[in-house]
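Biologist: Can you walk me through this model? Keep it brief, and start with the terms.
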Amino acid sequence: MNISEEIKKRRTFAIISHPDAGKTTLTEKFLLYGGAINLAGTVKGRKGAKHAVSDWMEIEKERGISVTSSVMQFNYDGFCINILDTPGHQDFSEDTYRTLMAADSAVMVIDGSKGVEAQTIKLFKVCVMRHIPIFTFVNKMDREARDPFELMDEIEDVLGIRTCPVNWPIGCGREFKGVYDRFKETITTYRASMNGQKEVESTEVTLGDERVDDLIGDAFHRQLIDDIELLDGASDELDMDRVSRGDLSPVFFGSALTNFGVETFLQHFLQMTTSPLPRLTTTGYVDPFEEDFSAFVFKIQANMNKAHRDRIAFMRIVSGKFDAGMEVNHVQGSKKLRLSQPQQMMAQDRKIVEEAYAGDIIGVFDPGIFSIGDTLCKTNQKFEYEGIPTFAPEHFARVRQIDTMKRKQFIKGVNQIAQEGAIQIFQEFNTGMEEIIVGVVGELQFEVLTYRLENEYNVEVRLEKLPYEYIRWIENKEEVDVAKIQGTSDMKRIKDLKDNPLLLFVNSWSIGMVLDRNPELKLSEFGHN
Ligand code: G4P
């Protein structure tokens, strides 16, 4: 197969949901249909020993939340699929944002009995910022679910996106018979077996088929005809331009647990979503089909696996083909290098990749040289992919080590975790590294920090939370004497590791007051990496 055929068959998407809506189960069922696993339930583990495919850190297992994102590749029906798992917890939306930078579309899983939940809203907003197509899978239809029309309205009202159902549920709970495909005008019914561990048996008939009454019963048949009429009159047309802009979400119903509607969703989704898209650089767009390899780093993760004690930089290949051992230009580091131990992930297994193509995600061993957003390209080229913005931290704490003898490990740990983008570190304005102030977007990151310092770096720390919630970088630092800024009582001066001065505030109105008192001062909400 030539390079462009390889690229054309690639589909790279992220999967998002409120915790427990069924993201892990759905991902697992994709793997089942892709033949990557034989029996669903094996990766996820049995009850009591619950751990998901994507769980890498102990903390995730303890809390049952997915803290970090993982990547999985499998083949289905001629497509080569890269799924990017995202953390469901609200405190990890920054991580989700970075993951979405590497995806061409997103699948949003919603619990049909609960509808749009808190984290769905937050994650959805992150998707909207990225303007990527969003496909909705309304899950758990095998339970008593809310009325599908009501669910559509809720998605539209709460998330502010229009919807277009592609399939429609026939019944729910014990009476969940199957789905109606609005575009093929067929009814697919299912026969539950083996608790969804294997592919489900199904029967497909056209809407006019005489067997419909036998298959779903007269009452559901009549209800379906009414629903279709309502839908045809009221719902938006499936306009793929609007889908690609993220204005319209194709919606599917099903049950990941029993596999009802899973395969038809996968098939439609793969047809509707695009092959790898061009990406913007400092010198214009780079097309995935260009021959020359290029990629950007969107995630760095240390110590993913205790047995390995390593650090992996995940990159999305944007164009061309990657060959193991090839020499590339690390643009931000101004260095030529060979990417060492390029890997792809499949559940908890890793395999060394010999070749990979635009759309693929590879992880490479990182001796501490990469930062999030870095570009890699052919050795004779030099351009940079559009950066990945950092979110302004909203929580701050002073971090002190308990055993001061372990200074070196402490500094190393804090620095590495900061390089991964999980925390941002600052110092007191007038002193050096003795005092470290950590800023995080979500408070849970503090716990992760404490946990990881203890478990991975063997350093116990004490956190003293600080009351600040707003951070501002001083844009015109050359023109201002920071020590002389006329502050407010709730303002604190700090600096980042590059000695850039910043201000912290407890109250948002103080920011305006400080600007009034210091007319020459220019403040910005965004930091620069
Ligand atoms: P997440 O990754 O989005 O957090 O969700 P996950 O797949 O782990 O699913 C959360 C729970 O919901 C799991 O139950 C899972 O079996 C169940 N679930 C997922 N999809 C469906 C579905 O389509 N129908 C039904 N009825 N349940 C589904 P669990 O953690 O094993 O707990 P329990 O509810 O079985 O006690």
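Modeller: Contacts come first: two residues are in contact if their C-beta atoms, placed from the backbone, lie within 7 Å. Helices (H or I, at least four residues) and strands (E, at least two) are DSSP runs, numbered from the N terminus. This is a predicted model, so local features need pLDDT of at least 70 and side-chain atom pairs count only at pLDDT 80 or more, while totals for chains, interfaces and linings use all residues. Residues are numbered from 1 along each chain as its sequence is written.

Biologist: How many helices and strands does the protein have?
Modeller: The protein has 13 helices and 31 strands.

Biologist: What share of the residues is buried?
Modeller: Buried residues are 45% of the 529 in the protein. Buried means 20 or more other C-beta atoms within 10 Å of the residue's own; exposed means 12 or fewer, and partly exposed is in between, with C-beta atoms placed from the backbone.

Biologist: And how much of the contact count comes from residues 24 or more positions apart?
Modeller: Such pairs make up 70% of the contacts with a separation of 6 or more.

Biologist: Let's take helix α5. Which of its residues are buried?
Modeller: Gln119, Thr120, Leu123, Phe124, Val126 and Cys127 are buried in α5. Seen down the helix axis, the buried residues fall within an arc of 155°, so they line one face of α5. That arc is taken from the directions from the helix axis to the C-beta atoms.

Biologist: What covers them?
Modeller: The cover includes strands β1 (10–17), β4 (105–111) and β5 (134–139), plus helices α4 (93–101) and α6 (148–159).

Biologist: How does the span of α5 compare with what it should be?
Modeller: It agrees. Helix α5 (residues 118–130) has 13 residues and should span 18 Å at 1.5 Å a residue; its end C-alpha atoms are 19 Å apart. The expected span is 1.5 Å times one less than the number of residues.

Biologist: What comes just after α5?
Modeller: His131, which takes a positive phi of about 55°.

Biologist: New topic, the ligand. Which residues come nearest?
Modeller: Gly22, Lys23, Thr24, Thr25 and Leu257 come nearest, of the 18 residues around the ligand. A residue is near a molecule or strand if its C-beta atom, placed from the backbone, lies within 6 Å of it.

Biologist: Which element gives the largest share of that shell?
Modeller: Helix α2 (residues 23–33), with three residues.

Biologist: Now Leu248. Buried or exposed?
Modeller: Leu248 is buried, because 21 other C-beta atoms lie within 10 Å. Leu248 lies in strand β11. Leaving aside neighbours within four places in sequence, its contacts include Ile161, Arg162, Cys164 and Asp236.

Biologist: Which way does β11 run against β6?
Modeller: Strand β11 (residues 248–253) and β6 run parallel, joined by four bridges. DSSP must find at least two bridges between two strands for them to pair. Cys164 stands opposite Pro250 in β11.

Biologist: And the two faces of β6?
Modeller: In β6 (residues 162–165), Thr163 and Pro165 form the covered face, while Arg162 and Cys164 form the uncovered one. In a regular strand the side chains alternate between the two faces of the sheet.

Biologist: There's an open sheet of eight strands. What's the order?
Modeller: β27-β24-β26-β25-β29-β30-β28-β31, with antiparallel pairing. β27 (461–466) and β31 (523–524) stand at the edges, each with a single partner strand, so one side of each has no neighbour in the sheet.

Biologist: Why call β26 largely enclosed?
Modeller: Because five of its five residues are buried. Ile436, Val438 and Val440 point one way from β26, and Ile437 and Gly439 the other.

Biologist: What pairs with β26?
Modeller: Strand β25 (residues 424–428) does, antiparallel over four bridges to β26 (residues 436–440). Ile425 has Val438 as its bridge partner. Strand β24 (residues 395–401) also pairs with β26 in the antiparallel sense, over five bridges.
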